[in-house]
Amino acid sequence: MALGDASKDARFRNIRVYWLAFIVYWGIVLFGYDTGIGGGVVSARYFQEAFHMIDAGGVKDQKKIDNVSGNVVAVLQAGAFFGALSSAPVSSKIGRKYTLLGFSLIFSVGAILTTVASGPPHGLPLIYAGRVLAGYGIGAISAVAPAYVSECAPKEVRGRITGLFQIMANAIGVHVPTGVNVWRIPFGLQLVPAGIMAFGLLTIKESPRWLASVGKHEEALKNLAYLRRTNTSDPGVLAEMAEIQAAIEEENIARAGVNWKEAFLGKGNSIRFFIAFFIFVLQQWAGQNSVNYYAPQIFASIGYTSRKNSLLASGVYGIVKVVATAIFIFFGVETLGRKLSLFISAIGMGSLFFIIGAILKTHPPPSTDPNVAAPAPSPAAQAMAGMLYIYVCFYSMGWGPLPWVYVSDIFPTRTRHYGLSTASASQWLWNFVVSKVTPQMLTNLGYKIFFMFGAVNIGAMGLFSLLIPETKGRSLEEMDIIFGSVTAEARNANIERQKALDQHDAHSIKTDSVDRKEEA
């Protein structure tokens, strides 16, 4: 019986960390949902008619549609870029938990503005303003949330728990056929995950690593013990706390008296900031976000010419993405490791993009008449759609979830918020660029856009995957050793010294207590 109880206790040892991730990553549902609905809303015929993108004769102004489509998606990324940058000093000052709470409220104000927008002349500017404000909130949330979860997760399952980011980012949109509800309902639904996260944050603890970094060691130890479902005298918790404190003390000594430039570009740090920035440059040019944001238009370009067929195909694409990501996060991320997963993912995605481009060149979709019912997708169009579904499986086993996992792994506690802010800002900057140019690239390049994405995947992302160090199964504090900030011998010596100090403090407290009893 005792053995069964122990097994059950071990199985649920990290349940509080999973609950924390579940709550925090409702903010990431905003990340996935809000970035995904822009292209679908603009592609709705009623939206195009309401904002004069289709004339009375039913002729579309494709240039205006591309411009508005790019703007509705891109202004969100513009706001998110500045939100990500501004999150670092806030998170450093007030902690991860209350930073997320504050920015979720900012996001909600933006969501309300987009929801109440009506038609011309003020509707589109109101949508733009709301998207910027919502983006500001999302940008900060996307920078802080992975750091928060990573700092609370044990190293054995950190990749799995941090990777939940991507599963919850893959939200599935909603389709409303006509009327102002074409945009009001999708935009209004953003308030649901925002509310869940805001109230859920009241049920979870602050990051123990952040608490330790600001000198609140007793509260840090209590929170760490709470997250590990044990007591503050547990040897494992004390060892983990000693490693955290040793790493923070090393960094305090190393950074004492240096300016921000030296802190960011100092020994072992510059390469980490470069990786954090460049990994998201590559991710954004992998092609997935272009497919995700403009899925209806992408599927229309390969032969799913009716709105019903293109929405159905893009909906299936979203479902495949969620399922594939979930399977990889729960069963693959801690088995294959970061490097191998990223490499296989890049080669698989690039190969499929080249195949899709070749089929599209040799079997272009037929031209359509808006007054005639669109034909059923051809066998070639169905083959290309199938390739996109296989492509997103490769994306979901590497370059989808792992950039966030990886950058959450590699930074020390004192600079993690700046590292994640840099990564998130890079993600949103290039997200902005890609989302802005994708409609024009689709119109101007046609099948060549798939060749371009294929070359980026194989030539750049595959090589990058082979050059970065592996982080699977290593503690956050060990990253300083991996990136050369400190030697393994020096780190072990510092940990032993910290343990000795802790034991001395505990002995002193016990002696004082005994003396007081004897005096009484």
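Arg 96 is buried, with a relative accessibility of 0%. Its salt-bridge partner is Glu 151. Glu 151 is buried too, with a relative accessible area of 0%. This is a predicted model.

The Glu 151 and Arg 96 pair links distant parts of the chain. Glu 151 sits in helix H7 (residues 123–152). Arg 96 sits in helix H6 (residues 96–116). They are 55 residues apart.

The structure holds six salt bridges. Three of them are listed here.

| Salt bridge | N to O distance |
|---|---|
| Glu 151 and Arg 96 | 2.6 Å |
| Arg 209 and Glu 240 | 3.8 Å |
| Glu 240 and Arg 228 | 2.8 Å |

Which residues are linked in a network of salt bridges? They are Arg 209, Arg 228 and Glu 240. Arg 209 and Glu 240 are both buried, and Arg 228 is buried as well. Glu 240 lies in helix H13 and Arg 228 in the loop between helix H12 (217–227) and H13, so this pair ties together parts that are 12 residues apart in sequence.

Next come the rings. The structure holds 15 aromatic pairs. Ring pairs join Phe 353, Tyr 391, Tyr 395, Phe 450 and Phe 453 into a cluster.

Last, the surface. A nonpolar patch of about 510 Å² is made by Ile 319, Val 323, Ile 327, Phe 330 and Phe 331. Ile 319 belongs to helix H18 (residues 307–331). Ile 319 counts as partly exposed because its relative accessibility is 46%.

Conventions: Residues numbered from 1 in each chain as written. Predicted model: local features only at pLDDT ≥ 70, side-chain atom pairs only at ≥ 80, totals over all residues. Heavy atoms only, no water. Phe/Tyr/Trp six-rings, centres within 6.5 Å; stacked < 30°, edge-to-face > 60°. Patch = residues over 30% accessible without salt bridge, like charges linked within 9 Å, V, L, I, M, F, W, Y side chains within 5 Å. Areas by Shrake-Rupley, 256 points an atom, 1.4 Å probe, with all protein chains shown as cover. Salt bridge = Lys/Arg side-chain N within 4 Å of Asp/Glu carboxyl O. Helix = DSSP H or I, 4+ residues; strand = E, 2+ residues; numbered from the N terminus. Buried < 20%, exposed > 50% of the residue type's maximum accessible area, 1.4 Å probe, protein only.
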